[in-house]
Amino acid sequence: MGILKSKSLVKELSSCGKKASFLKLNEHRNLLVFFSAVISFNIIVIWSQWRYLHASQQGAIGPLHESHLILASLIGSVLCLFLVVIALFSAISSKKVRSRSESTLHEMSNYSRSLIEANLDPLVTISPDGKITDVNQATIQVTGYPREKLLGTEFPIYFTEPKKAREGYQRVLSEGQVRDFSLTIRDATGHLTDVLYNAALYRDDCGKVQGVFASARDMTRRKLVEKEILQLNLDLQKRVMERTIALTEANERLQMAAEAAHIGIWDWDVTSNLIRWDSWMFRIYGMPESSNGMLSYAEWRSNVHPDDLPIQEASLLETVAKVGTQQRQFRIIRRSDKATRIIRSSDAAIASSDGKTRRIVGINLDITETVGRAEEVRRLNEQLAKRAAELEFLVNELDAFTYSVSHDLRAPLRAIDGFSRIVEEDYAPKIDNEGKRLIGVIRSEAKRMGRLIDDLLAFSRLGRQQIEPKIIEMEPMALQVFDELKALEAGRDIRLILHQIPPAFGTEPMIRQVWTNLIANAIKFTGKKEKSEIEIGTTEGKEGERVYFIKDNGAGFDMRFVSKLFGVFSRLHNAEEFPGTGVGLALVQRIIMRHGGRVWGEGKVGQGATFYFTIPDSKKQNTELQRLPLPDQPINETNKPR
Amino acid sequence: MNQETTDVLLVEDNPNDALLAIRSLKDSNLANAIVHLKDGQEAIDYLFRQGTYSARKGLLPKVILLDLKLPKVNGLEVLKVLRSNKETKIVPIVILTSSQVESDLIESYQLGANSYIVKPVDYEKFFKSIREVGLYWLILNKPPIVKGTS
């Protein structure tokens with residue numbers, strides 16, 4: 001009975017799995033105990049029977065021998081019973097262990113299944129003959145077929161390359177595993193999914209190959225992601241490249257600008273107290289360039305002019321403390337030639353995240369020449385202002401002198417004229433006709449000189465008159481002047497062609513004087529023509545400037561003497577031909593020049609003359625002129641003659 | 001000098017101009033009593049009866065023809081003195097000068113001149129100017145009541 005039970009136990013527990021080995025070991029022990037008990041029992045029985053036979057043969061069987069036999073049987077039975085008990089006990093404890101292992105196995109199986117199902121990768125088991133034996137949910141999804149449809153079908157038929165798929169699992173069978181075996185799944189709808197297979201054999205407890213366990217990895221998304229990553233990488237590379245180029249360019253520009261401007265750039269690391277200099281810094285300081293472009297703060301300090309050092313250091317410390325920007329000016333003693341140079345420095349403190357100044361970056365510029373030039377310019381300006389003041393004084397003196405002389409000349413002229421007249425009146429009977437003619441000459445010459453003096457006075461006065469520009473309606477002004485002058489020339493045939501003339505910007509009485517003198521000249525010099533023709537208008541000059549012109553058909557002039565047109569008292573015609581003092585055009589020139597314009601003339605003897613003039617009237621100048629403070633007094637009070 | 005009415009007081013340093021002015025006035029039969037003084041100080045002494053003229057008993061002139069450019073005390077200073085005195089303040093004063101400087105003109109009016117005549121070089125124009133001044137100030141114009149101080 002014991003044997004049967006043990007046999008069924010063995011049969012029941014017999015398995016090739018690892019977990020069964022423990023039970024197997026126990027079983028062997030039980031059997032050993034059991035068989036030991038049976039053998040011991042038999043040995044004792046045989047030994048007892050042999051003793052009994054031996055004793056009976058020698059006739060020594062007595063009550064003692066009987067009791068020996070009984071005792072031996074008893075001992076054998078007890079021993080046998082003991083061994084059976086042990087075997088039974090052992091069998092019971094084995095059964096307990098087994099039932100515990102079975103429940104663990106069950107849990108583990110569930111766990112594994114869940115794990116397999118939870119896996120996003122399609123998992124599949126394939127039998128050695130290539131049939132699908134199990135799939136997970138991911139496989140169902142990727143193939144588009146239900147589990148029932150998949151199970152038992154040929155593994156390779158779900159791939160675009162069935163041959164390759166077959167090769168794959170066959171290689172697993174032959175080599176034990178494959179890694180990253182590339183295949184493409186075609187699903188129920190024909191959609192393709194690139195996968196990588198990793199597969200290995202699985203065996204039973206006895207080591208017999210049961211099939212292939214294959215895990216696919218969907219490469220489509222990975223490929224997409226890889227593609228995206230690749231694209232992102234490319235974009236990043238491109239951006240880095242662009243940014244690098246931009247930075248390089250910016251840096252180059254900065255370098256070139258700094259180079260061209262002779263600006264030195266420095267970067268002071270406050271913590272290490274080292275300063276990085278660019279090559280211009282070394283040139284500014286007249287020092288040989290250090291190999292790494294670095295130098296210590298102390299080294300910089302040693303170049304600064306001792307008188308400027310305290311202020312500079314204090315200022316630098318302030319920059320460090322405040323984290324800001326500063327502009328400084330100080331002197332250095334240039335290392336190469338011991339020359340004192342003036343440096344302008346601008347710098348900015350760069351703070352680290354804790355708000356403390358970590359670096360100060362700045363520029364140095366040698367402004368010695370600039371300062372020198374500014375000084376020179378200032379000195380020259382001073383000189384110029386002094387000279388201008390002197391000149392103005394001289395001009396005023398000259399004006400005063402001219403005025404005074406002219407003024408004093410008038411009185412004797414009046415006397416000459418007056419007394420000639422008195423002689424003429426009081427002594428008329430005593431003077432013959434020739435005498436009267438001669439007195440007439442004296443008087444007319446005196447009057448002419450009076451006019452000369454008046455013109456000279458007007459000319460001199462002009463220098464002291466203020467320019468007070470206003471908008472002047474040139475066309476009506478020219479017409480009015482012409483009408484006034486024409487009225488004095490009764491009986492003459494004078495025709496005016498007046499074109500449209502835009503307004504100008506000037507000092508009205510002065511510009512009126514210009515028109516008066518020019519129109520009077522035109523009338524005067526056409527005096528010998530039967531018909532006087534005067535044309536007034538504007539034309540466009542160089543760079544679009546407006547040029548006023550007045551053209552006549554009069555006597556004209558020889559262009560060889562054009563340079564003498566505008567000189568004071570300078571005339572191109574004699575007084576008998578055309579009376580005049582030679583001041584008119586000089587006056588015109590002075591007025592136009594004081595307005596910043598130009599005046600010139602063109603002519604041909606006997607064929608008339610044309611006079612041109614410009615008055616700059618750009619908007620800019622207008623506003624500038626209007627901004628000038630106008631004097632309260634219409635005349636200059638300084639240097640007035642008495 | 002007796003206590004006669006002075007028609008015109010001419011203050012002029014240039015004898016020729018003075019002669020021409022007096023002749024113009026007389027030829028026009030405008031003034032008989034013309035006093036000619038040769039500098040500014042003399043004019044002040046005359047009008048305030050001081051110095052050489054302390055014994056003068058005449059009245060103030062009907063009009064003063066005053067040159068600006070005068071020795072010692074110039075015309076504008078004379079004008080200033082006369083206009084700052086209550087008595088001489090009301091005497092009509094005509095500036096008769098060669099000066100065309102605008103500052104002279106304006107200052108003259110500011111100091112209280114009644115008229116400003118620029119002497120023309122041309123004698124005929126000069127004659128006409130003087131005659132018109134005489135006609136206006138001695139005949140046409142009604143002068144303030146001018147009395148002697150004594």
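## A sheet in chain A

In this predicted model, chain A holds an open sheet of five strands, in the order β13-β15-β16-β18-β17. The pairing within the sheet is mixed. Strands β13 (493-498) and β17 (599-603) of chain A stand at the edges; each has a single partner strand, so one side of each has no neighbour in the sheet. Averaged over the sheet and with direction ignored, neighbouring strands are turned by 15 degrees against each other.

Strands of a sheet pair through backbone hydrogen bonds, and the pairing is either parallel or antiparallel. In which sense do β17(A) and β18 of chain A pair? They pair in the antiparallel sense, over five bridges, with β18 covering residues 609-613.

## Chain B

Chain B has five helices and five strands. Read from the N terminus on, its elements run β-α-β-α-β-α-β-α-β-α.

How much of chain B counts as buried? The share is 41% of its 150 residues. A residue counts as buried here if 20 or more other C-beta atoms lie within 10 Å of its own. Contacts in chain B can also be sorted by separation in sequence: among those between residues at least 6 apart, 69% join residues at least 24 apart.

Technical notes
Residues numbered from 1 in each chain as written. Chains lettered and ligands numbered in written order. Predicted model: local features only at pLDDT ≥ 70, side-chain atom pairs only at ≥ 80, totals over all residues. Pairing = 2+ DSSP bridges. Helix = DSSP H or I, 4+ residues; strand = E, 2+ residues; numbered from the N terminus. Axes fitted to C-alpha atoms, helices over the stretch in contact; angles between N-to-C directions. Buried ≥ 20, exposed ≤ 12 C-beta atoms within 10 Å, placed from the backbone. Contact = placed C-beta atoms within 7 Å.
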